[in-house]
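Let's walk through a few spots in this fold together. Have the structure open while you read.

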Amino acid sequence: MADVVAEWTPAQVAAWITTKLDMPLLAGRLRKMGVTGKKLLMLDSFSGNRLLRTTYEVSVLGDRLRILDEIQKLRDQAIERDSNLRWAQTDSTPAPNEHTPSGSQSIADALGRKKKIKEERDVDNSLGTIAPWRANAFPPMGFVDPAEAGRVEPAAGLELEFVYGYRGYDRRGNLFYNLSGELVYSISKLGVVFNLESRSQRFFTTHENDV
């Protein structure tokens, strides 16, 4: 069976379904429909469950989840393999001189970046989410992390100017007038004072939960 899943033929996909998942009926169906390795890897947690149920006729939810889990393992293996190839290419640099890091330092840096990507992927999986884009997205050759390069975020931010809406669908008795004739109400975690004449608002922002 081919090492690169994306290059699998329908016959190889069917063989994998049969040997790995013991689902010969599904294997025959996918082979008949011409499902290649590339199409197999596109079955992610977002659309894969629906496609398996409607297009590929896998009616049992447990079977669909098991299939998606095994496909995710294939994606993880592809990420690991492609990462190794990229790090190997990155480490194929000319002999070190006074302006370039030593060979051992280059390898250490590459391994560090590789470990960082793996840790980020593990965090995604620990939260019960799958990031399908990771199978096809990698840092470009020679990429330098902005934080490692000493860059910082710009000294800019956002300032709340106006809040549209009012929480009335599940609240009662939370709309008042103050002594100045301004409207006082809440929305989400904000307390709002609305001046009807100037059409301006003031905010109370210290609440940590819905008011």
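Q: Where does Ser188 lie?
A: This is a predicted model, where local features need pLDDT of at least 70, side-chain atom pairs count only at pLDDT 80 or more, and totals for chains, interfaces and linings use all residues. Residues are numbered from 1 along each chain as its sequence is written, and side-chain values use heavy atoms, with hydrogens and water left out. Helices (H or I, at least four residues) and strands (E, at least two) are DSSP runs, numbered from the N terminus. With those names in hand, Ser188 sits in the loop between S2 and S3.

Q: What is the phi of Ser188?
A: Most residues other than glycine have a negative phi. Ser188 belongs to the hairpin of S2 and S3, which has two residues between the strands. Its phi is positive, in a residue other than glycine, and near 55 degrees.

Q: Is Ser188 buried or partly exposed?
A: Buried means under 20% relative accessible area, exposed over 50%, and partly exposed in between (1.4 Å probe, protein chains only). Ser188 has 37% relative accessibility, so it counts as partly exposed.

Q: Which class of accessibility does Arg199 fall into?
A: Arg199 is found in the loop between S3 and S4, and in that hairpin, with four residues between the strands, it takes a positive phi near 55 degrees. Its relative accessibility is 53%, so Arg199 counts as exposed.

Q: In what order do the four strands form the open sheet?
A: Two strands pair if DSSP finds at least two bridges between them. Here the pairing is antiparallel, and the open sheet runs in the order S1-S2-S3-S4.

Q: Why is one side of S1 and of S4 left without a neighbour in the sheet?
A: Look at strand S1 (175–177) and strand S4 (200–204). One side of each is left without a neighbour because both stand at the edges, each with a single partner strand.

Q: How many residues of S3 are buried?
A: Five bridges join S3 to strand S2 (residues 183–187), with Tyr185 opposite Val192. S3 is mostly covered, and of its six residues the buried ones number five.

Q: Which residue's backbone oxygen does the side chain of Arg75 reach?
A: Arg75 is in helix H5 (residues 61–91). At 3% relative accessibility, Arg75 counts as buried. At 3.4 Å, its side chain reaches the backbone oxygen of Leu43.

Note on methods. Polar contact = N/O pair within 3.5 Å; in protein donor to acceptor, adjacent residues only side chain to side chain.
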